[in-house]
Amino acid sequence: MLFSITSAHSMALLFRRLKVATCSLAAILLIGWQPFAFAEKSRLTITGSSTVAPLTLEIAKLYEKTHAGTRIDVQTGGSSRGINDARNGLADIGMVSRALKPTEKDLNGFTIALDGIGMIVHNSNPVTALTDAQIKDIYLGKITNWQSVGGPDLAITVVNKAEGRSTLELFLKHFGVRNSQIKPSVVIGDNQQGIKTVSGVKGAIGYVSIGTAEYEEKRGTPIKRLTMQGHEASAANVANGQYPLSRTLNLVTKGAPSKQAQHFITFAQSDAVKHLIEKQFFVAP
Amino acid sequence: MAKASTRSNRTDTYLSRILGAMGLLCALLLVLVVFFLLKEAWPVVQSGGWLRFFHAQGWYPLEQLFGMLPMIWASIAMALGAILLALPIGVASALFLLFYAPPSVAKIYRLLLNLLAGIPSVVFGLWGLTELVPIIATWHAPGTSLLAAILVLTLMIIPTVALTSVAALSAVPKELHAGAQALGLTRKTRIMSVIIPAAKAGIISGALLATARALGETMAVLMVAGNVVQTPSSLFDPVRALTANIALEMAYAMSDHRASLFAAGLLLTLIVWGLALIASRIVKSNGKVLAYAK
Amino acid sequence: MTMQPHSPTFTLGQIEQGPPCCEPIPHLSIKGLSVRYGAQTVLDEVSLDIYKGCITALIGPSGCGKTSFLSTLNKMTDAISHAHVTGSIHFDNNNILDAQTNVLQLRRRIGMIFQKPNPFPLSIERNLELPLKEHGIKSRKVRKEKIEKALRDVGLWHEVSDRLNTSALALSGGQQQRLCIARAIILEPEILLMDEPCSALDPISSGIVEDLIIRLRGDYTVIIVTHNLAQAKRVANYAAFFWMKERVGKLIEFGQCQHLFDTPQHELTAAYISGAKG
Amino acid sequence: MPSRSASNIRLADQCFSVLIMACAAFVTITLIWVLGDIVIKGASHITWSFITSEPSDAGRSGGIGTILVSTLLILCVALGAAIPIGLGVAVWLSEFTVQHSRFSNTVGTTLDVLAGIPSIVYGLFGNAFFSLYLGLGFSILSGGLTLACMILPIFIRTCESGLSAVNNDWRKGAQALGMSRSAAIWHVLLPAAAPAIIAGLILGIGRATAETAALIFTSGYVDRMPGSLLDSGRALAVHIYDLSMNVTGGDNAAYASAFVLITLIILLNTTAQSLIDRWFSQRIYAS
């Protein structure tokens, strides 16, 4: 019985168990920390733009194959996060889907590809092109039905991007509007979420990376890119510079990149990854 | 403990100190949480004061506008709508479990409530997004709306309301049941006029906890509410809750924007804190009802 | 042996002479009543008559089935899922134990007072109003009158008339118990069942409630379970003595109270009332 | 007439019963809808290779093997931190502090507040404290520690209630035998409260397994096999969120993952329930 154990014996037992517990706790911590020391040398963390992330992921996979012992973690989160994480050291490299701003002089940018922003609608929508003025009116809430722009009698669901996305910033800049003027019906985060939303609502209109949209369209997702200012929203038009809403996709580092980061960036800018860029419907610079 | 050995006394002292330190650590966790939220929120508070979150016209971080009022209203509308629906259904569930269902059915029903309580919020979000939203969209596109959020939250907090109500109702002294029965009162009157008043405090504090849970819920709301920052004016309006705002923008936010998200976190903590305090007050004040039968 | 000013015109000593209230007219006629909880028989083959307008005391040691007996009379045993009752209880030419008995109406006619005072956690007034409303008294005025009358009947009116809207839980134990009696008699029942109504009270409150019970004699048929033999002697006209044989409750002796105490017919009764057993 | 109003009252009683039954039916039907949806859409997708293989094509194909590993690792870290501290504090609250003293009341209230803090706020805290301040980055370690903070209050409260429910005679018995307090705690109280401790543990596991919001900014999104605790790892709940929100054509995989997650949690919950039941029946038997 429990009570029959003498005090001294029980104390010894208690200490022994405590010791075991302490040791195992220490072991857990050690196991946790140990790889830290090794991992530090061979690991790259890349965070940022959800537009650049799929491309970087593919490049990273190829890089890992050719550089054994290297591990590259790619996390999406938007351009601002890319800049943020690169700045405060959470990431070795940030991904940014726009040109660097004058306030971001502390960062080094490396362009790896070009992309455009395209308007997308559900592919059952007969509308194939919209003028800049029409798009602006739709987003400002002045046009609320597809009938007004030659479509069916269907309410327009305006899909806007959440704050902090460079796609949003570029869109606002192009149309010369402020975000507070826009009357959205849905606000989304990543490009993929935008595509998913538009593909699920017949009256929806949204704007996403052309590369992502083309990729998804090829997969059979029911969306359709709209022609802007007479130019089809395609990688080809981005490449020849005709498409009006285009941008650069960049990798950024705080100050000069570390040796390892530099190595990866050089690889990402090399011809070895050109097929990957094209596969993602982006344009090699 | 007259003749305990000095050695074991010393062990006791050490143990007491170590455990006390752990206790202190736990109490400090709250301080730590609040401190780090404050620390991260400080820049934006310092530059514009606390009132900027309430005075600014809307939430447009690009334009340095950090007005949280629309999202606060949205959060409150969701939580209120959810508790208004979940309270009657949850209490009815508890009544069913205790007074209407035969024992075998009651056992199964309790299991169901536990099951419902165990479903992760992200699964409710997934279900809401793929089942509920399309249904709402047939009435009013795109379907992601305040209504969708309220319905999903209602489902999520029904088990909380029901299970706390079960606890409160089963604590009602059996003398009251017998007294009400002996007067020839119908089951409805017994429940509505005697038993529920006796269990009121427990039910209300459970409802407050459920409200706090609804206010704090993030993922399910993020997935079905549409996330447009606006003061809700109809059930079909897409709205963004305070919690969803953090989840949606935290990853993309920098400097003042990020700081104001931490301020939102702080605000949420304060609201929930207040609700927990009121709930515990109510339970304490109810000692008399449950004590008199002793 | 105090004589209440407005109590019926008899004292216990006079019962044998046949006081007016105690014409032995059976109000309840119980035949072969047995109660089982699951496999356990708690009460076996009890037969007796409860006489109209009289107080019948049920005495005996704990666990001998007195309370179970009492609960069958207003079908409170219905609430216990594994309780099984056989036999018959005739009330107004109907067998209470019949399945088609309207339990709610039955309980209106047979009220019950419990060991622990159990006022509802509502105001004093609401406690009394609830049964009235429930049994179809719609006029506010009538309800008010009935409430006042009931409170006067139990001697509580002058104590609480200025605070009818305060919680009933704020009353003292004795006041609570009198409120519960008021709540029972407000429905003007014919029979009152009392399950040790004084045992949870202090001696003074107990005395007040006891006096009240004596005053009810004549107007109501009262069946009272009590462990206090002196109390049984003081208040009751008839007494029934229960005893447990092989864990089964049985009625050993029933008769006029005075008889039972003075000249018990059964040796168990004699032993019990002399304090030698139980 | 009393008879008319009596029948009215009876009618009201019956309506009320119908209402109650309707509510119960509503809850049951909705639950069946939600669960049925997940079982029907999810179970058909489940294969052994789905459970073991790595996700590919953003989770549209492949499986959830690496994600399960990450989930379990995060859980292990959370429990590894929460169990010793939680048990210690629970013992301290129930055995070493004067009940209802000011200090223990303060700690108790603090725990209640902590238990109520929304998980997204823990996520913010974890991001600021573990990821940035302690420099753990987006890692399984910072995610797990964040979850530990989150489940600690519930765990402590459950353990504490289990400990204070232990029959006081046992404490006295141990004292009478001259056992030190530490020995009494170790040999008598903790074993006696074990079912409550296990129940609290499983409640904590259930909450941690279901958590999404606290993990997005702490353990991150990476869906590959983690090499160490300092690697980012995607939890199952985060995976479901990502598939349903961000991946077109990801619904099937999302439902399958949800099915796995719910099965996991139901298993844990039923274990907790049966433990609690057993605990109570033991206590009734003992008293």
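**Chain contacts in a predicted assembly**

The contact between chain D and chain B takes 74 residues from chain D and 71 residues from chain B, where contact means heavy atoms within 4.5 Å. The model is predicted: local features need pLDDT of at least 70, side-chain atom pairs count only at pLDDT 80 or more, and totals for chains, interfaces and linings use all residues. Residues are numbered from 1 along each chain as its sequence is written, chains are lettered from A in the order in which they are written, and side-chain values use heavy atoms, with hydrogens and water left out.

Of the five pairs of chains in contact, B and D share the most contacts. About 6500 Å² is buried between them, with carbon and sulfur atoms giving 82% of this area; buried area is the accessible area (1.4 Å probe) that two parts lose on being put together, summed over both. D:Phe16, D:Leu31 and D:Leu124 supply 9% of what chain D buries against chain B, more than any other three residues.

Between chain D and chain B there is one salt bridge, defined as a side-chain nitrogen of Lys or Arg within 4 Å of a carboxyl oxygen of Asp or Glu. D:Lys41 and B:Glu131 form a salt bridge, with an N to O distance of 2.6 Å. Helix 1 (residues 2–43) of chain D gives the most to the side of chain D that touches chain B, with 20 residues; helices are DSSP runs (H or I, at least four residues) and strands likewise (E, at least two), numbered from the N terminus.

The contact of chain D with chain A involves 39 residues of chain D and 36 residues of chain A. Here the buried area is about 3300 Å², and carbon and sulfur atoms give 59% of it. The rule finds six salt bridges across this interface. A:Arg43 pairs with D:Asp231 in a salt bridge, their closest N and O atoms lying 2.3 Å apart. Helix 3 (65–96), helix 5 (119–133), helix 7 (168–176), helix 8 (181–210) and helix 10 (236–246) of chain D each give two or more residues to the side that touches chain A. Helix 8 of chain D gives the most, with five residues.

Chain A and chain C, by contrast, do not touch, and their nearest C-alpha atoms are 36 Å apart. Chain C itself has ten helices and ten strands. Of its 278 residues, 56% count as buried, that is, under 20% relative accessible area (1.4 Å probe, protein chains only). The C-alpha atoms of chain C fill a box of roughly 55 × 45 × 30 Å along the principal axes.

Definitions and conventions:
Buried < 20%, exposed > 50% of the residue type's maximum accessible area, 1.4 Å probe, protein only.
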